[in-house]
Amino acid sequence: MAVDTATLEPRRASTGLLGERAGLVLASFAMLFAELALIRWVAAYQIHVAYFTNFVLLASFLGIGIGFLRARTERQLQVWAPAALAAFGLFVFVVRVVKGVDPERNIHTVFGLPAPPTWVILPLLFLGAVGAMALVAEEVSRRFERFEPLEAYRLDITGSLLGIIAFSALSFLRVGPLLWGVILAACFVALTPGRPSLREHPRRVGGALALIAVFALGSLAPLDTWSPYYRVTVYPQGSDGRIGIRVNSLPHQSIWPVERLEQEFYANPYTHLDGRPVGDVLIVGAGSGNDVSLALDRGAAHVDAVEIDPVLQDTGVEQHPAHPYQDPRVSVHIDDGRAFLEGSDDRYDLILFALPDSLTLVSGQGALRLESYLFTREAMQEVRDHLAPGGVFAMYNYYRPDVFARYANTMEQVWGHAPCYDRGDPGAGTRAQAVLTIGLEPADAVCDETYATPLDAPRPATDDHPFPYVAGRVIPGFYVVWLGAVLLLSVVVVRWASGGPVSAMRPYVDLFFMGAAFLLLETKAVVQFALLFGTTWFVNSLVFAGILLAVLGAIEVARRARLPSPTTMYLLLLACLGVAWVVQPAALLQLPAVPRFLAGVAVAFAPVFVANLIFAQRFRGVGASTVAFGANLLGAMVGGVLEYAAIMTGYRNLLFLVALLYGLALAFGRRHLGAARTTAPAPAP
């Protein structure tokens with residue numbers, strides 16, 4: 001007999017070890033924790049998503065949305081959630097892709113076999129993440145519908161906030177995946193109805209044990225350490241004295257003796273000093289210590305070594321043969337390079353950007369890499385302002401021709417004269433070693449050759465458009481193809497897996513648009529705080545925790561107070577978006593740290609708070625809370641696709657897209673406005 005999803009009464013089941021409220025909080029905790037764990041796990045072993053980590057985020061939103069749409073279906077599949085996570089994790093681990101040094105086998109799997117092509121592996125990763133997260137979300141959704149909508153939403157956000165805090169704490173402690181698996185397994189066992197024994201619940205408890213075993217694989221590799229950003233693999237010293245370092249299966253750094261560094265392009269900047277003493281040096285991207293050891297060998301009086309990843313810096317402390325970090329002339333700063341510059345008044349005789357290529361994104365949201373704000377026009381102006389009289393700035397890497405031309409063009413525009421140009425050896429593909437060096441004044445750096453910027457050189461990246469690796473204001477073809485495929489696949493998967501007609505979501509189209517808009521608001525907050533306070537994992541975690549706290553605050557206000565009419569609330573939201581557009585980050589960067597923080601919170605979180613008042617006001621009166629919430633989550637997935645529009649518009653102008661989406665929510669939700677205005681707030685317990 002067909003199930004009437006519009007009238008089916010919520011089913012109550014045994015809650016096992018937990019009460020109803022604690023069960024929903026724990027299930028939501030597990031869902032958010034699993035999402036973060038999968039983002040880290042997939043990025044660690046699959047180089048195809050190294051710069052596309054929101055690929056997993058999109059899959060998670062789709063899976064969670066499907067899980068909520070399934071809440072009112074007869075067939076219950078959530079008992080398979082831990083087994084599904086274990087199976088997906090094992091697949092990611094077994095077919096992990098490693099970038100080798102042999103051109104004939106540049107990319108291969110753990111068994112040395114040729115790696116599956118991108119067009120094969122990406123759909124499998126996407127569908128695997130969707131399936132696993134759908135089963136995890138079904139556990140949440142079937143508990144979610146046992147409560148009044150706002151109360152369920154409140155408990156869900158509480159669990160999500162605890163999940164953010166827990167995963168951030170593990171990042172701080174540099175804990176590997178084994179404990180991730182233990183925590184998730186404990187959650188699933190605690191959520192088991194009745195007595196959680198292997199005999200009575202073999203699928204759930206057995207899956208939990210398998211989950212621990214799979215994640216243990218990531219902690220047992222003797223050469224691996226898990227930093228807040230990467231899976232760092234440090235290889236033993238070779239016969240040539242080199243110690244190789246990989247991050248997330250990609251070659252990243254090599255530790256070399258100073259004698260070898262003197263023969264490489266690391267030494268090029270010093271040749272432009274014309275014999276002057278090195279003096280005070282700032283090294284951004286100090287890594288495992290090569291550049292620090294060379295600066296000390298060249299007689300630096302003092303070195304400020306800035307490195308964002310504590311594990312890479314610790315590796316230098318433990319294994320660099322010159323022991324540069326133990327030298328009393330060196331001060332270590334575990335920080336984002338741009339944030340260090342913004343917070344320092346010191347001036348330097350030499351500033352180096354020493355291969356600060358992060359090979360990872362700031363978070364699962366946005367296309368922002370850890371180093372993106374180092375290479376904008378505003379960052380170069382900050383570098384220039386930190387040079388002492390006669391000071392010199394240099395940057396080097398293995399550059400693509402267009403990226404190199406953009407950086408040289410940026411330096412010429414900021415300093416007003418062309419930089420010195422040192423050509424190096426060719427690298428992979430079109431890349432080549434190159435060094436750009438420039439003095440505060442033209443005579444401060446002696447050049448054998450200056451860079452002649454071509455007329456068609458790409459424009460400088462800016463703080464609003466921090467995409468130095470994108471050739472123009474066009475979304476790269478790879479992203480266009482795969483984002484289109486994600487949307488098409490999502491339509492098919494939702495229709496097939498939801499267990500009921502998609503038309504059940506039709507009354508909640510406005511909530512769909514709210515989800516898309518809110519995801520863009522989150523992205524805007526993440527990138528703004530990354531600029532204001534650094535692209536560190538800690539800042540990123542604080543932003544997401546702050547967003548969830550703002551959501552909780554909005555829920556509590558909506559539960560306890562009669563809000564103005566929805567139309568008034570939408571006008572207030574529009575005003576907040578207008579303020580966020582008018583107040584540019586450049587103005588906030590001029591403020592001291594505490595006022596900057598307060599102003600940044602006010603500008604970024606005011607629209608978040610008001611948007612959630614609108615959502616809570618609407619969500620309070622929905623007839624099918626899980627269907628409505630599922631529609632909102634699917635909208636968030638579409639918002640994750642739309643965030644790539646920033647490559648064309650810049651992040652500031654995303655606010656226009658946010659306003660448009662909320663306008664569509666208002667238009668499609670007009671028939672609900674009267675009901676939302678007259679519905680009294682539920683009494684708060």
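Me: Which elements do the buried residues of H6 pack against?
Reply: The buried residues of H6 pack against helix H1 (20-45), helix H3 (81-94), helix H4 (118-144), H5, helix H7 (202-220) and strand E3 (224-226). Contact here means heavy atoms within 4.5 Å. Helices (H or I, at least four residues) and strands (E, at least two) are DSSP runs, numbered from the N terminus.

Me: What sort of model is this, and how are residues numbered?
Reply: This is a predicted model, in which local features need pLDDT of at least 70 and side-chain atom pairs count only at pLDDT 80 or more, while totals for chains, interfaces and linings use all residues. Residues are numbered from 1 along each chain as its sequence is written, and side-chain values use heavy atoms, with hydrogens and water left out.

Me: Back to H6: which of its residues are buried?
Reply: Pro 177, Trp 180, Gly 181, Leu 184, Ala 185, Cys 187, Phe 188 and Ala 190 are buried in H6. Buried means under 20% relative accessible area, exposed over 50%, and partly exposed in between (1.4 Å probe, protein chains only).

Me: What span should H6 have?
Reply: At 1.5 Å a residue, the 14 residues of H6 should span 20 Å, and the end C-alpha atoms of H6 are 20 Å apart, which agrees. The expected span is 1.5 Å times one less than the number of residues in the helix.

Me: And H2, how many of its residues are buried?
Reply: In H2, 16 of the 16 residues are buried, so H2 is largely enclosed by the rest of the structure. The 16 residues of H2 (residues 54-69) should span 22 Å at 1.5 Å a residue, and its end C-alpha atoms are 22 Å apart, in agreement.

Me: Now the overall picture. How many helices and strands are there in the chain?
Reply: The chain has 24 helices and 13 strands. Of its 685 residues, 59% are buried. Among contacts between residues at least 6 apart in sequence, 79% join residues at least 24 apart.

Me: Let us move to H23. Which of its residues are buried?
Reply: Leu 654, Leu 655, Val 658, Leu 661, Tyr 662 and Ala 665 are the buried residues of H23. They cover an arc of only 120 degrees around the axis, which puts them on the same side of H23. The arc is that of the directions from the helix axis to the C-beta atoms.

Me: Which exposed residues does the face turned away from that side carry?
Reply: That face of H23 carries the exposed residues Phe 656 and Leu 660.

Me: What covers the buried residues of H23?
Reply: The cover includes helix H16 (509-533), helix H18 (566-582), helix H20 (593-619), helix H21 (625-642) and helix H22 (646-649).

Me: How do the axes of H16 and H20 cross?
Reply: The axes of H16 and H20 come within 11 Å and cross at roughly 170 degrees. That makes H16 roughly antiparallel to H20. The residues of this contact divide into 20 nonpolar, three polar and three charged.

Me: What conventions apply to the axes, angles and residue classes?
Reply: Axes are lines fitted to C-alpha atoms, for helices over the stretch in contact, and angles run from 0 to 180 degrees between N-to-C directions. Angles under 35 degrees count as roughly parallel, over 145 as roughly antiparallel, 65 to 115 as roughly perpendicular and the rest as oblique. Ala, Val, Leu, Ile, Met, Phe, Trp, Tyr, Cys and Pro count as nonpolar, Asp, Glu, Lys and Arg as charged, and the others, Gly among them, as polar.

Me: Ser 625 next. What does it touch?
Reply: Not counting residues up to four places away in sequence, Ser 625 touches Phe 144, Glu 145, Pro 149 and Phe 619. Ser 625 lies in helix H21 and is buried, at 6% relative accessibility.

Me: Where is Ser 565, and is it buried or exposed?
Reply: Ser 565 is in the loop between helix H17 (537-560) and H18. Ser 565 is buried, with a relative accessible area of 17%.

Me: Change of topic: what is phi of Arg 174?
Reply: Phi of Arg 174 is near 60 degrees, a positive value in a residue other than glycine. Most residues other than glycine have a negative phi. Arg 174 is in the loop between helix H5 (149-172) and helix H6 (177-190), and is partly exposed, with a relative accessible area of 34%.

Me: And what about phi of Asp 274?
Reply: Asp 274 is not a glycine, yet has a positive phi of about 55 degrees. Its place is in the loop between helix H9 (268-271) and strand E7 (280-284). Asp 274 is exposed, with a relative accessible area of 57%.
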